[in-house]
Amino acid sequence: MSELHRFLTFASEAEIVGLWGLGFIMLALVATLAEVRRQKRARIDGVGWVPWRPIFLAAAIMGGGLILLAVKGLLAG
């Protein structure tokens, strides 16, 4: 059994929620980088339209909230 599989099998709910939170934070970082890249283009109309700022905002809020819940659960447990 691999180490990752063992961790995911026996992880507490707080640890799983923390992993989801980190995933959302990573999505927020990708959205930030994509928005910066879009802003630096010479012809901004030459790219597809994706609402990167709302994606960043939603992902950052969800990620931060999930990480706070995870920390609370880990400290209580």
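# A tour of the salt bridges

Start by selecting Arg38, which is partly exposed with a relative accessible area of 22%, where partly exposed covers the range between buried (under 20% relative accessible area) and exposed (over 50%), computed with a 1.4 Å probe on protein chains only. The model is predicted, so local features need pLDDT of at least 70 and side-chain atom pairs count only at pLDDT 80 or more, while totals for chains, interfaces and linings use all residues. Residues are numbered from 1 along each chain as its sequence is written, and side-chain values use heavy atoms, with hydrogens and water left out.

Arg38 and Glu35 form a salt bridge whose closest N and O atoms are 3.0 Å apart, the term salt bridge meaning a side-chain nitrogen of Lys or Arg within 4 Å of a carboxyl oxygen of Asp or Glu. Side chains of opposite charge can pair when their charged atoms come close. Both residues belong to helix α2 (residues 13-39), where they sit 3 residues apart, a separation of about one helical turn; helices here are DSSP runs of H or I with at least four residues, numbered from the N terminus. An α-helix has 3.6 residues a turn, so residues three or four places apart point the same way. Glu35 is buried, at a relative accessible area of 9%.

Arg53 itself counts as exposed, at 56% relative accessibility. With Glu35, Arg38 and Arg53 shown together, you are looking at a network of salt bridges.

Now select the whole of α3. Its 25 residues should span 36 Å at 1.5 Å a residue, and its end C-alpha atoms are 36 Å apart, which agrees; the expected span is 1.5 Å times one less than the number of residues. Which residues of α3 are buried? They are Ala59, Gly63 and Ala70, and what covers them includes α2.

Finally, move to helix α1 (residues 3-10), where Glu3 and Arg6 both lie, 3 residues apart, or about one turn of the helix. Their side chains meet in a salt bridge at 3.4 Å, N to O. Glu3 is exposed, with a relative accessible area of 59%, whereas Arg6 is partly exposed at 36%. The count of salt bridges comes to 3.

Methods
Helix = DSSP H or I, 4+ residues; strand = E, 2+ residues; numbered from the N terminus. Contact = heavy atoms within 4.5 Å.
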